[in-house]
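Please examine the structure shown here. The briefing after it is arranged by topic.

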Amino acid sequence: MVSSARSARVREPAGNLPVDVTSFVGRRHEITRTKRLLAESRLVTLTGQGGVGKTRLALRVASSMRRIFRDKAWCVNLEELRDGALLADAAVEQLSLGGPSSGTDVDAVVEHLRHREMLLVLDNCEHVIEDAALFVDSVLRWCPGVRVLATSRQSLGVAGEATLVVPPMQIPDLDAPPPPESYEQFSSVRLFLDRARSTVPEFEVTAEDGAVLMRLCARLDGNPLAIELAAVRLRSLSLHQLEERLVERYNLLSEGRRGAPPRQQSLRALIDWSYELCSEQDRISWARVSVFAGSFGLAAAEHVASNGLSRVDVLGAMHSLVDQSILVREEEAGEVRFRLLHALRDYGQERLDASGERQRVLARHHDWYAELADRFAADWLGPHQAAWVRELRLDLDNLRLALDTAAHERRTAPGALRLASRLTPFWSIRGLNGEARHWLETALEHVPPDTPERPAGLRANAWFALMQGDTATALPLLDEAAALAAEHDDEYELAYVTQIRGMAAFFRDDLAEAEELLADALGRFRDLEALYGEWFGLFALGLVKGLRGDRDSGIGLLRECIEAATGRGELLWRSAALWASAHIEILRGASARAETAAKEALRLQRTLDNRLSSAFTIDILAWIAHGLGRDERAARLFGAASAVWDAVRAAPEYYGRFHASHDENEQGARRALGDRAYREAFDRGYEMSPESAVDYALELKRTTRSVAPDELTATTLTKREREIAELVAQGRTNKEIAETLVIAQRTVEGHVQHILTKLDFSSRAQIAGWLAGRRSS
């Protein structure tokens, strides 16, 4: 009896991981990545914003891996620890070590862990970050059998540390919403549903609820804590009511979970807690950068937030806020950008309002993006066009905010009008004709009649109206722009008005008037040495001449445009002239030359991400296919082009002569195939992704190369792991494998877990299936 009692006293408990009280949803990718990192590094820190689920993820990983450690997995929660000097005491208590008399004595803890093989979860380190780092460093140095999985809003900064930023849960793109019935593909929605049914067991999703669920989870940023807090409100609100009241986020999400730490009992409390942990410099910067919409670059942050702070101060704050998971760091085309999620942005704006700085900071924001538009306009005709389009796409939300800041007041509207006008090439390329008109009309409504920017704004607005087939609106705008330009002796604007009038005539299919006006405008631009207008003129006049039958002259003007643009590395007018050349070559009966020119135009348009021009070019490639008797291809290309037309809210019927040729070729392909076959092919083209549509139009075949099983074996598994994998595939148990290889059973368990982790498998059966596939390949 004594012996049995002594054995019971010394038996090591199997860890102290808390038991899940709610179901675990999603995160398969993050679980796999964390396991892989733990296989390679003895310290892995999960970082991320408050409420994103770092603790749940860490405990899930620890629970699934504890069997491979002799002493299992243990958790030390630092949530309630307010004095980092007491960290060692907290570890002693939670690890059941019996321990040091002084909380500053880490050595005694290390001594207890020195000979253990275990996974140690160190949870919520951010508020005692320095003490946690020292503690972990000591454990890693002196306890070789211990691996540490930490959670913190910022990294620990310990040598050998691997970090994984835990992202929000998957959410739908509200700019391109999926069908309502596909809501369950998003992990954030599945979490919402799970928590909703726990709150209201009778909760049911109707056919029309899918879209609401997806919007809700997107507006909650996929943040698990926010989703859980929102789901609680279904006790008193319907889904639709919850969505309507989401703008009252902080009041709405005030009911927390009993037993949760105080900072997690409401979203507001959570963010308050994060704010209190920031330095004063960080708080000021957080408030000021909250004016940004979407993501923003470092230079923009330095300009907007630097009043009273140096640029070095702002840089330090950006680094600190990223490290504390307040800011999300993103990288796009080699540039680091930052983003605040909605809840944190709203909170920052509250603080900004409280400081009385909002209007001044918004003015600095507007000035930055106005200057960006000026630089874009000055540098546009050159080799950096694709980079400019990417940059403006990334900053589109901020450009919209800058326009909204200035467009509604008489004093600032001229700046908004200039900004919107400067962006004309960008609006056109992206097919944002309606949005361009909105900003131009709003600013024009508020600027004084004698504003110098007014003629350019009127002319630009007329152009976008024409691009939407609204000639009735465009012509009076051009008349007003011409009168003002003449009043100011603005030869540049007079040339542009003439050119746009020529394009209006072209869209009306009045080619004689179009040629006369476009020739006049081209001469004016040559005299002014204004390249943008000149290249536009070469393209437009060359096309009109070719369509009128003077094909040699037309091709000559287009070649001049192509050569001049190519010499400067320019893409927009070069691709336009190539497209126009293809149009004329079709009329000449030179299908091969037409197809070559059109495909080259489309390649350039893809580089520039020029959606509207891509619609024209894919459409004309459909004409060429029909002319060559490839009518199934023609039908698919018409479908692909139609999808792009719809995306940019345009249509062939807006563009006179082009519309007539489009209809002629489309009807020819339909007759050749028959209505049913044509519609089937058209629908296949319409349903293509934009990338696939361009690939198909260019007749490129994309091949995806999967990793062969033998490659995975050679690069991923060690010799011992391959040996054990073979025995697993034979159906051997861990005990049988250990006996066969004369190694410890715990060692086998560790190897099996590493195999599963490296191959991203979850069962032994998958290992067997994988090896069977390898043998048959």
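Predicted model: local features only at pLDDT ≥ 70, side-chain atom pairs only at ≥ 80, totals over all residues.

Residues are numbered from 1 along each chain as its sequence is written, and side-chain values use heavy atoms, with hydrogens and water left out.

**The chain as a whole**

- The protein chain has 40 helices and eight strands; helices (H or I, at least four residues) and strands (E, at least two) are DSSP runs, numbered from the N terminus.
- Of its 777 residues, 53% count as buried, a term that means under 20% relative accessible area with a 1.4 Å probe, protein chains only.
- Among contacts (heavy atoms within 4.5 Å) between residues at least 6 apart in sequence, 69% join residues at least 24 apart.

**The sheet**

- Three strands, in the order β6-β8-β7, form an open sheet with antiparallel pairing; two strands pair if DSSP finds at least two bridges between them.
- The edge strands, each pairing on one side only, are β6 (296-297) and β7 (328-332).
- Five bridges join β7 to the antiparallel strand β8 (residues 335-339).
- Glu330 has Arg337 in β8 as its bridge partner.

**Helices α20 and α22**

- Two packed helices are described by the angle between their axes and the distance between the axes.
- Helix α20 (residues 413-422) packs with helix α22 (residues 433-446) at an angle of about 150°, and their axes are 8 Å apart; axes are lines fitted to C-alpha atoms, for helices over the stretch in contact, and angles run from 0 to 180 degrees between N-to-C directions.
- That angle makes α20 roughly antiparallel to α22, the term for angles over 145 degrees.
- The contact is made by Ala413, Ala416, Leu417, Ala420 and Ser421 of α20 and by Trp439, Leu440, Ala443, Leu444 and His446 of α22.
- By class, this contact of α20 with α22 has eight nonpolar, two polar and no charged residues; Ala, Val, Leu, Ile, Met, Phe, Trp, Tyr, Cys and Pro count as nonpolar, Asp, Glu, Lys and Arg as charged, and the others, Gly among them, as polar.

**Helices α19 and α22**

- Helix α19 (residues 396-407) and α22 pack at an angle of about 20°, with axes 10 Å apart.
- That angle makes α19 roughly parallel to α22, the term for angles under 35 degrees.
- Arg400, Leu403, Asp404 and Ala407 of α19 make the contact with Glu435, Trp439, Thr442, Ala443 and His446 of α22.
- By class, the contact of α19 with α22 has four nonpolar, two polar and three charged residues.

Terms used
Parallel < 35°, antiparallel > 145°, perpendicular 65-115°, else oblique. Buried < 20%, exposed > 50% of the residue type's maximum accessible area, 1.4 Å probe, protein only.
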